[in-house]
Amino acid sequence: MNICNLEPKKVFEFFSAISSIPHGSGNTEKLADYCIDFASERGLKSYRDDSGNVMIFSKGTKGYEDSEPIILQGHLDMVCEKDPDCKINMENEAITLCNDEKYVWADKTTLGGDDGIAIAYILAILDSDDVPHPPIEALLTNDEEIGMLGARELDSSKLKSKRLINIDSEEEGILTVSCAGGVRAYCTLPLDFENTNSKNLAAYNVEISGLVGGHSGIDINKNRKNAVKVLSRLLEYISSKCKFSISNLNGGGKENAIPQNAKAILCISDEQSQILVKTVSDFYEILKTEIITSNPNVLITVNKTELPKKSLTLNSTRKVIFALMQIPNGVQAMSPDIPNMVQTSLNLGTAVISDNELKINFLIRSNAATGKQTVILTLNSFVEYLDGKVIYKNDYPVWEYRACSHLRDIMADAYKEVYADTPVIKAIHAGLEGGILSAKIENADMVSFGPNLFNVHTSKEKMDIESVKRCWKYLIKVLENLK
Ligand SMILES: [Zn+2]
């Protein structure tokens, strides 16, 4: 069946039209043109700002002329992924839509349901003459998938509304009402080295690998072991059995991932080498009893290596172990409003010894502005006590949970009417466009929802047809209730 014959017809017709226009991130101009043309053909005011965001304005329908306007928002760009044997050039050729009775997908490429379905819904509403609605300010943001570039540079002066429905969630039945803000912290602690020559020393490379790792926001409360923290515990354990110095240390890969690997080069006297090797293997046995079921590939190895020219003094060795063991990491506070929801966390993402310094980098997240501040104060006090410094970069704003949200109440009530069930109200412990937009639109009351999409950002992406239908009915009901 041609997807244009699927119900709701208008939605799938627009979705099909959008899909015929290549619109990967950084390549959205033609889709933006299409939306601007759509508006002018229907006599609707539209505006494109310097960052490629498109706005289309529609008056309220009969009886809604004086209602407070609503912003309907989705992003213009899609992630372009394809199978290795796919011949389509997604820069300038259309993807091939397919469907069965349950799903719509694209042959060997991403579908762009994320977030084409939002654009299709919004155009279908603007095109309709039988959907009662308040004045609409459609906001189609540019390049969300490559750092929310459009939202960051949005010229919001044309928007009058203070309430916004984002249609970029991928799970039906969930109303998202908050996202985390974040900031990266770069800590440095000064260290002292001494020469290793003229001493009877051997060097060993101790390495932890194969931990499951994870996303530093979404997985931070899942009890995933951080390889750097495990290494610090191992080093302290070795300290209780023999004397050594650290020559080098390197753990983790990036701030926004829980480290899976960490290693250190240790210098130790020849006589104590065997104690070191045995202590590491004892520790490995202890660790396995704790985490082997959740981390079946965990591995700790200890191998003799070439003696480095320099190694840390005993004081600096103690300092590194103390810092890595005691510096805060993981969940710092749970949400007082949403059950089982992490409010504030930090992820120790990388730890490296270089340039006579221990460098520890974090990603701090919080769904409350004050939570981020609390972590910053904690890190400052810890690092300053050890004569170090912290620099903060890449600050991005939080979308805070509102104790009172008129929009959330209306959307929860409309959900009950359409689904005869209650929606899940959820906060996300990661960054969304909502964070950027709440900094652009002062006092915005925002909710995010959307139909079921699976395997987004992969060539296996698919969209649930019945879910699209139910969410369409739901959106219509919400607009009707937004008097
Ligand atoms: Zn999206």
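Analyst: The account below begins with the metal site and then turns to the chain and its loops.

This is a predicted model, in which local features need pLDDT of at least 70 and side-chain atom pairs count only at pLDDT 80 or more, while totals for chains, interfaces and linings use all residues. Residues are numbered from 1 along each chain as its sequence is written, and side-chain values use heavy atoms, with hydrogens and water left out.

The zinc ion is coordinated by NE2 of H75, an OD atom of D114 and two entries for OD of D168, at 2.0 to 2.7 Å. Donors are N, O and S atoms within 2.8 Å of the metal (3.2 Å for Na, K and Ca), and because water is not among the atoms, sites may look incomplete. The angles among the four donor atoms of the zinc ion run from 52 to 144°, and the site is irregular. Four donors count as tetrahedral if all angles lie between 85 and 135 degrees; four count as square planar, and six as octahedral, if opposite donors are over 155 degrees apart and all others between 65 and 115; anything else is irregular.

Along the chain, the donors of the zinc ion follow the spacing H-x38-D-x53-D. Helices (H or I, at least four residues) and strands (E, at least two) are DSSP runs, numbered from the N terminus. H75 counts as buried, at 0% relative accessibility, and D114 is also buried, with a relative accessible area of 4%. Here buried means under 20% relative accessible area, exposed over 50%, and partly exposed in between (1.4 Å probe, protein chains only).

The backbone at D114 has a further feature: the peptide bond from D114 to D115 is cis, with omega near 10°. D115 is found in helix 3. A cis peptide bond also joins E7 and P8, where omega is about -5°; P8 is placed in the segment before helix 1 (9-19). Most residues other than glycine have a negative phi, and most peptide bonds are trans.

Positive phi values occur in two loop residues. N340 is not a glycine, yet has a positive phi of about 60°. N340 is placed in the loop between strand 18 (330-334) and strand 19 (342-354), and N340 is exposed, with a relative accessible area of 70%. A420, likewise a residue other than glycine, has a positive phi near 55°. The loop between helix 9 (406-419) and strand 22 (424-428) holds A420, which counts as exposed at 73% relative accessibility.

Not counting residues up to four places away in sequence, N221 touches V331, N340 and V342, where contact means heavy atoms within 4.5 Å. N221 is found in the loop between strand 12 (214-215) and helix 5 (227-239) and is partly exposed, with a relative accessible area of 37%. The C-alpha atoms of N221 and G349 are separated by 15 Å, although these residues are 128 residues apart along the chain. D219 is placed in the loop between strand 12 and helix 5. D219 is buried, at a relative accessible area of 11%, and its contacts, leaving aside neighbours within four places in sequence, are G214, R224 and I258.

Another loop residue, N443, is found between helix 10 (433-440) and strand 23 (445-448). N443 is exposed, with a relative accessible area of 62%, and is in contact with K162 and R402 when its neighbours within four places in sequence are left aside.

The protein chain as a whole has 11 helices and 25 strands. Its C-alpha trace spans about 90 × 50 × 45 Å along the principal axes. Of the 483 residues in the protein chain, 55% are buried. Among contacts with a separation of 6 or more, 79% are between residues 24 or more positions apart.
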